[in-house]
Amino acid sequence: MSACLPTRRELLRLALASSCLPLLPYSGLAEALACDRTTWYRNAKFGMFIHWGPYSQASVEASWPIMRPSPGGITEADYRALAKTFNPVKYDPHAFVDLARLSGQEYMVFTTKHHDGFCMFDSSYTDYKITNAPYGKDIVAQLAKACAEDGMPLGFYYSPPDMHHPDFRDTSKLASENWNGEPWRPEWPGYLQYMQLQLTELLTRYGPVAIIWFDGLYHQEKYDGVRVLEMIHGLQSATLVNDRIGVPADYETPEQFIPTAIPTKDVVLTGIDPKVSEKLRNTVPRPEDFRLWETCMTINNTWAYNKNDHDYKSEQTLIRGLVEVASRGGNFLLNVGPQPDGEIQPEFQQRLRAIGEWLTLNGDSIYGTTYGPIQGVTGLRTTAKDKTVYVHLFDWPTSTCELPGFEGRALSARLLANGRPLTFRQAEGKLQIDVPAEAPDPNVSVIAIKTY
């Protein structure tokens, strides 16, 4: 195997450090992904999830209004008709990528097809797609091109459930009656073939695919996941696959919550209540026992654009969410739901940029790190990289930061954001660090501790 290529972030740092080194687009994405299947993902830590489709026009959630309709909500017929008017004329894929970069996000995952069956790519196997809508152009192809030009790893969300396909379910009935699919029908093998044909399109038309992000709902074993996984790796061996098609695959995906303990291979947290025992919460597993994972989360309460949902998480909450995830070795996939015209709403942009500003000063404590050696201590979280431990302080101490159970031998301590050195004392497994009276950052302040 050839030596791993430098990441785009490493190239950027090299360019900034040398005025004679040009900053050029990174074009070796396929080789970098193939170098090690999970290393790039483990290092990336922060990604952009994008839920978008005709449903954005009605300010309703993707697919669920026809699967679990509410009284007075949109009818299935009206939901289906949204595809006939979908025309996001302000869509600019480069703006999506630029926003992700400004936010410090290192990969993107885009909804190519949600449960409703509408394809945001030009599939040859259905008429229910973006190229038959008024917009008329392949949105996925445009985003894939923009990501390739920027060196941004791009993953595809793909829903195995499909409310539109007659082989998935009897479409003469309302989706609310049989939205879990009907694998006992003789048409079911035809649906599995359809799904695999569409995945083949996604994996052969749009360049290197970093991730296939399935969302299989219930009874995922019906999708023949082992065969699907083999097919994916036969087409692109470096592509990562999440755990929602009936097989564990590469990583676990808790949704809308952050596990309170570090996931391990023998403790499955996806779909389980986030509360775990205190003993498990404080455990630091061996690297070989760690289970790769990613929390996906919304900025407000909905995945899709909803003009009525103003319950936005604060900048501090989102920054601390990223820290919480990284402190347990996970990735943070933060969602945006673009508007019907193709733009991302200002409230999302503001919060994403604030995270990016924090990462500009504190990114070394997130990117390329793993879970820290101190877990379960109120008011602080730790990450680790090489021989540095990063202490993220949620509650700023009055004069001294005390780290119980610090087993390494400290060589130096400094504030990460401004490099200010800090005095410290270490004895009997306890490290005490003298800190200034005021926190450097109102959201999360970070101390970097160099160890032997």
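The lining of the largest pocket in this predicted model divides into 14 nonpolar, eight polar and nine charged residues. The volume of this pocket is about 710 Å³. Among the 31 residues that form its lining, those closest to the pocket centre are Asp-215, Leu-217, Gln-220, Arg-244 and Glu-255.

Two cavities of 30 Å³ or more were found in a search of the whole structure. The second largest cavity holds about 40 Å³ of space. Its lining consists of five nonpolar, four polar and two charged residues. Trp-52, Gly-53, Pro-54 and Tyr-55 contribute to this lining, as do Thr-111, Thr-112, Lys-113, His-114, Asp-116, Phe-118 and Met-120.

Helix α7 comprises 12 residues, 139-150. Ile-139, Val-140, Leu-143, Ala-144, Ala-146, Cys-147 and Asp-150 are the buried residues of α7. These residues cover an arc of only 165° around the axis and are therefore placed on the same side of the helix.

Both ends of α7 were also inspected. At the start of the helix, the backbone nitrogen of Val-140 has a side-chain oxygen of Asp-138 within 3.1 Å. Val-140 is also one of the buried residues of α7. After the helix comes Gly-151, which has a positive phi, near 80°.

Terms used. Residues are numbered from 1 along each chain as its sequence is written. This is a predicted model: local features need pLDDT of at least 70, side-chain atom pairs count only at pLDDT 80 or more; totals for chains, interfaces and linings use all residues. Side-chain values use heavy atoms; hydrogens and water are left out. Helices (H or I, at least four residues) and strands (E, at least two) are DSSP runs, numbered from the N terminus. The expected span of a helix is 1.5 Å times one less than its number of residues. Buried means under 20% relative accessible area, exposed over 50%, partly exposed in between (1.4 Å probe, protein chains only). The arc is that of the directions from the helix axis to the C-beta atoms. A polar contact is a pair of N or O atoms within 3.5 Å; within protein, one must be able to donate a hydrogen and the other to accept it, and residues adjacent in sequence count only if both atoms are side-chain atoms. On a 1 Å grid over the protein atoms alone, a cavity is a set of points where a 1.4 Å probe fits but cannot get out, and a pocket is an open set with protein on both sides within 12 Å along at least five of seven lines; lining residues have an atom within 4 Å of a point. Grid points are joined across faces, edges and corners, and a volume is the space filled by probe spheres set on the points. Ala, Val, Leu, Ile, Met, Phe, Trp, Tyr, Cys and Pro count as nonpolar, Asp, Glu, Lys and Arg as charged, and the others, Gly among them, as polar.
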